[in-house]
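Let's take a walk through this one together. Keep the sequence and the model open side by side as you read.

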Amino acid sequence: ICHFCEGPVVGGWYKVLDRFIPGTTKVDALKKMMLDQGGFAPCFLGCFLPLVGALNGLSAKDNWAKLQQDYPDALITNYYLWPAVQLANFYLVPLHYRLAVVQCVAVIWNSYLSWKAHRL
């Protein structure tokens with residue numbers, strides 16, 4: 001499920017970020033990372049976890065309870081990994097390669113999210 005929605009969504013998000021913050025300085029990379037981690041990451045997780053729950057047949061009530069249980073820990077774990085990855089990505093990597101870099105790291109991240117979404 002991740003790779004079918006993640007690629008176009010994340011790729012589009014990077015284009016929006018580059019349009020909104022067009023520079024490539026360290027400060028620009030920091031601004032992009034802050035927007036990415038302050039806005040996109042919480043929303044993406046908030047959509048991803050219930051989508052997985054729904055696809056796994058959870059009722060709306062059970063899905064909501066699972067989201068409340070898993071979301072805070074997943075978001076905190078996100079902040080251990082992604083700010084450093086994204087800061088380097090936005091500063092060192094040209095736009096057309098950013099998605100590829102993120103997808104490499106996302107193999108590990110998506111394994112964690114899958115584990116989180118499927119544990120009871």
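Is D70 buried or exposed? What we have here is a predicted model, and in it D70 has a relative accessible area of 2%, so it is buried, since the cut-off for that label is under 20%. You'll find D70 in helix α3, which covers residues 60-92. Its side chain makes a polar contact with the side chain of Q69, at 3.4 Å. Setting aside residues up to four places away in sequence, D70 touches L49, K116, A117 and R119.

N89 counts as buried because its relative accessibility is 1%, and the label needs under 20%. A polar atom of the N89 side chain lies 3.4 Å from the backbone oxygen of R98. R98 is also one of the residues that N89 touches, along with Y14, V101 and V102, if you leave out residues up to four places away in sequence.

That brings us to α4, residues 95-118. How far apart are the end C-alpha atoms of α4? They are 33 Å apart, and since 24 residues at 1.5 Å a residue should span 34 Å, the two figures agree. There is still a bend to see in α4, of about 45° at A106.

Next, go back to α2, which runs over residues 26-55. From first C-alpha to last, the 30 residues of α2 reach 40 Å, close to the 44 Å expected at 1.5 Å a residue. This helix has a kink of about 35° at F40, shortly before the proline P42. After α2 comes G57, with a positive phi near 85°. Then look at L58, in the loop between α2 and α3. L58 is partly exposed, because its relative accessible area of 32% falls between the 20% and 50% cut-offs. Apart from neighbours within four places in sequence, L58 is in contact with G53, N63 and K66.

W13 is found in α1. How far is the C-alpha atom of W13 from that of F40? The separation is 8.2 Å, although the two residues are 27 places apart along the chain. Beyond its neighbours within four places in sequence, W13 is in contact with F40, L35 and D36. At 19% relative accessible area, W13 is under the 20% cut-off and therefore buried.

Now move to I21, in the loop between α1 and α2. With a relative accessibility of 10%, I21 is under 20% and so counts as buried too. Leaving out residues up to four places away in sequence, I21 touches D28, K31, K32 and L35. For a sense of scale, compare I21 with D62: they are 41 residues apart in sequence and 40 Å apart in space, C-alpha to C-alpha.

Finally, turn to the space inside. The model has two cavities of 30 Å³ or more. The largest cavity holds about 210 Å³ of space. Which residues lie nearest its centre? They are F40, F44, N78, W82 and W109, out of 16 lining residues. So the kink residue of α2, F40, is back once again, now in the lining of the largest cavity.

Key. Residues are numbered from 1 along each chain as its sequence is written. This is a predicted model: local features need pLDDT of at least 70, side-chain atom pairs count only at pLDDT 80 or more; totals for chains, interfaces and linings use all residues. Side-chain values use heavy atoms; hydrogens and water are left out. Helices (H or I, at least four residues) and strands (E, at least two) are DSSP runs, numbered from the N terminus. Buried means under 20% relative accessible area, exposed over 50%, partly exposed in between (1.4 Å probe, protein chains only). A polar contact is a pair of N or O atoms within 3.5 Å; within protein, one must be able to donate a hydrogen and the other to accept it, and residues adjacent in sequence count only if both atoms are side-chain atoms. Contact means heavy atoms within 4.5 Å. On a 1 Å grid over the protein atoms alone, a cavity is a set of points where a 1.4 Å probe fits but cannot get out, and a pocket is an open set with protein on both sides within 12 Å along at least five of seven lines; lining residues have an atom within 4 Å of a point. Grid points are joined across faces, edges and corners, and a volume is the space filled by probe spheres set on the points. The expected span of a helix is 1.5 Å times one less than its number of residues. The bend at a residue is the angle between axes fitted to the seven residues ending there and the seven starting there.
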